[in-house]
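Here is a short briefing on how one protein chain packs together. Look at the structure first, then read the points below.

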Amino acid sequence: MYVCLCKGVSDHQIRQTVEDGARSWRDVQRETGCGTQCGKCACQGKVITREAVKAE
Ligand code: FES
């Protein structure tokens, strides 16, 4: 499922980014570009990132 339409970032990609070492929403933004354009996806992106980091 796409979380970020501007940058074409899926929830899977966010989880993968955390698996690859991202530890914060800021890291995910830097790695994927998620939330860096219109910002509409930021809330959902943060939640997915937080859950993925917790599960690590
Ligand atoms: Fe993610 Fe626009 S939907 S920045």
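Ile14 counts as buried because its relative accessibility is 0% (buried means under 20% relative accessible area, exposed over 50%, partly exposed in between, with a 1.4 Å probe and protein chains only). This is a predicted model: local features need pLDDT of at least 70, side-chain atom pairs count only at pLDDT 80 or more, and totals for chains, interfaces and linings use all residues. Residues are numbered from 1 along each chain as its sequence is written, and side-chain values use heavy atoms, with hydrogens and water left out.

**Ile14 and its surroundings**

- Ile14 sits in helix 1 (helices are DSSP runs of H or I with at least four residues, strands are runs of E with at least two, and both are numbered from the N terminus).
- Which residues does Ile14 contact, leaving aside its neighbours within four places in sequence? They are Val3, Val9, Val28, Cys34, Gly45, Ile48 and Thr49 (contact means heavy atoms within 4.5 Å).
- Ile14 and Glu31 are 17 residues apart along the chain, and their C-alpha atoms are separated by 9.1 Å.

**The nonpolar core**

- In soluble globular proteins, nonpolar side chains tend to be buried together.
- The largest nonpolar core here has 13 residues (such a core is a set of buried Ala, Val, Leu, Ile, Met, Phe, Trp, Tyr and Cys residues joined through side-chain atoms within 4.5 Å).
- Val3, Ile14, Val28 and Cys34 have the most contacts inside this core.
- At least two core residues come from each of strand 1 (2-4), helix 1 (11-19), helix 2 (25-32) and helix 3 (42-55).
- Helix 3 gives the most, with three residues.

**Helix 1 against helix 2**

- Two packed helices are described by the angle between their axes and the distance between the axes.
- Helix 1 and helix 2 pack at about 110°, with axes 10 Å apart (axes are lines fitted to C-alpha atoms, for helices over the stretch in contact, and angles run from 0 to 180 degrees between N-to-C directions).
- That angle makes helix 1 roughly perpendicular to helix 2 (under 35 degrees counts as roughly parallel, over 145 as roughly antiparallel, 65 to 115 as roughly perpendicular and the rest as oblique).
- Helix 1 passes helix 2 in a right-handed crossing (right-handed if the near helix is turned clockwise from the far one by less than a right angle, left-handed if anticlockwise).
- Ile14, Thr17 and Val18 of helix 1 meet Val28, Glu31 and Thr32 of helix 2.
- The residues of this contact divide into three nonpolar, two polar and one charged (Ala, Val, Leu, Ile, Met, Phe, Trp, Tyr, Cys and Pro count as nonpolar, Asp, Glu, Lys and Arg as charged, and the others, Gly among them, as polar).

**Helix 1 against helix 3**

- Helix 1 and helix 3 pack at an angle of about 40°, and their axes are 9 Å apart.
- The two helices are therefore oblique to each other.
- Their crossing is right-handed.
- Helix 1 brings Asp11, Ile14, Arg15 and Val18 to the contact, and helix 3 brings Gly45, Ile48, Thr49, Ala52 and Val53.
- Five of these residues are nonpolar, two are polar and two are charged.

- Thr49 lies in helix 3 and counts as buried, at 2% relative accessibility.
- Beyond residues up to four places away in sequence, Thr49 touches Ile14, Val18, Ser24, Trp25 and Val28.
- Ser10 belongs to strand 2 (residues 9-10) and counts as buried, at 13% relative accessibility.
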